[in-house]
Amino acid sequence: MCCCRVKQHLHIHIYINPHYRYITLIYEMSLRGLLLTPRFDHWPFVLGHQGFASGRHCWDVDVGDGGDWAVGVARESVPRKGRLSLGPQGGIWGLEKWGGQVRALTARKVTPVAPRGLPRRVSVHLDCGGGTVAFFDARDGGLLFAFSRVAFAGERVRPWLWVVGARSHLRVCP
């Protein structure tokens, strides 16, 4: 159960046109703290507008049952042009579903995660002071993966979303 300040009513549908490689965002409702910023030029990533440098925050993301995706947090300074390294070394702490497998975006290579089943909704928990980013299956509360001893070095981090392919959809949930 998420009890943090970010969790408010917002539904965001993210659609990718695979022919033109751009993202279209459709806002059903607005949220003061989790509006989205402009896209990246090489990847179909989106960052939340509000950055966090202190406190505890969490939000749920409906990842559905089709396509590939990733959710997590990224440093505010993560490059938006060109390729970047997916993982803590590139300023991203995330969990992805790729090729039917759930994996944590850990340093140097991904770490397979063995959930009981593929999650349909992921709860992202950020504790800036405690240096943790944790991912839970929002349906049963089971821990999927946790990054610990994360040092943000005083820099703000933002919610990060990645939709991969036409069958993917992500929705930030109330």
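A polar contact is a pair of N or O atoms within 3.5 Å; within protein, one must be able to donate a hydrogen and the other to accept it, and residues adjacent in sequence count only if both atoms are side-chain atoms. The model is predicted: local features need pLDDT of at least 70, side-chain atom pairs count only at pLDDT 80 or more, and totals for chains, interfaces and linings use all residues. Residues are numbered from 1 along each chain as its sequence is written, and side-chain values use heavy atoms, with hydrogens and water left out.

**Overall make-up**

- The protein chain has zero helices and 13 strands. Helices (H or I, at least four residues) and strands (E, at least two) are DSSP runs, numbered from the N terminus.
- Of the 174 residues in the protein chain, 52% are buried. Buried means under 20% relative accessible area, exposed over 50%, and partly exposed in between (1.4 Å probe, protein chains only).
- Contact means heavy atoms within 4.5 Å. Take the contacts in the protein chain between residues at least 6 apart in sequence: 60% of them join residues at least 24 apart.

**Confidence**

- pLDDT is the predictor's confidence in each residue, from 0 to 100. The protein chain averages 76, and 72% of the residues score at least 70.
- Strand β10 (residues 132-137) has the highest confidence, at 97. Strand β2 (residues 22-27) has the lowest, with a mean of 38.
- Over residues 1-38, pLDDT stays under 50. For this stretch the model has 106 contacts beyond four places in sequence.

- Asp127 belongs to strand β9 (residues 121-127). Its relative accessible area is 17%, so Asp127 is buried.
- A polar atom of the Asp127 side chain also lies 2.9 Å from the backbone nitrogen of Gly130.
- Beyond its neighbours within four places in sequence, Asp127 is in contact with Gly55, Arg56 and Thr132.
- His57 sits in strand β4. It counts as buried because its relative accessibility is 4%.
- The side chain of His57 has a polar atom 2.8 Å from the backbone oxygen of Ser54.
- In sequence, His57 and Asp127 are 70 residues apart; in space they are 6.6 Å apart, C-alpha to C-alpha.

- Strand β6 (residues 92-98) is mostly covered, with six of its seven residues buried.
- Two strands pair if DSSP finds at least two bridges between them.
- Strand β5 (residues 68-75) and β6 run antiparallel and are joined by six bridges. In β6, Trp93 is the bridge partner of Val73.
- β6 and strand β7 (residues 101-104) also run antiparallel, with four bridges. Leu95 stands opposite Ala104 in β7.
- β6 and β7 form a hairpin with two residues between them. Gly99 in the turn has a positive phi of about 60°.

**Nonpolar cores**

- In soluble globular proteins, nonpolar side chains tend to be buried together.
- A nonpolar core is a set of buried Ala, Val, Leu, Ile, Met, Phe, Trp, Tyr and Cys residues joined through side-chain atoms within 4.5 Å.
- The largest nonpolar core has 28 residues. Those with the most contacts inside it are Val71, Leu95, Val122 and Phe135.
- The elements that give two or more residues to this core are β4 (56-62), β5, β6, β7, β9, β10, β11 (143-147) and β12 (157-164).
- Not counting residues up to four places away in sequence, Val122 touches several residues, including Trp59, Trp69, Val71, Leu95, Phe135 and Leu144.

**Aromatic pairs**

- Rings of Phe, Tyr and Trp (its six-membered ring) pair if their centres lie within 6.5 Å; planes under 30 degrees apart count as stacked, over 60 as edge-to-face and the rest as tilted. By this rule there are six aromatic pairs.
- Phe145 and Phe147 are edge-to-face, because their ring planes stand at 70°; their centres are 4.9 Å apart. Phe145 is buried at 19% relative accessibility, and Phe147 is buried at 7%.
- Trp160 and Trp162 make a tilted pair, with ring centres 6.3 Å apart and planes at 45°. Trp160 is buried at 0% relative accessibility, and Trp162 is buried at 6%.
- Trp98, Trp160 and Trp162 form one aromatic cluster.
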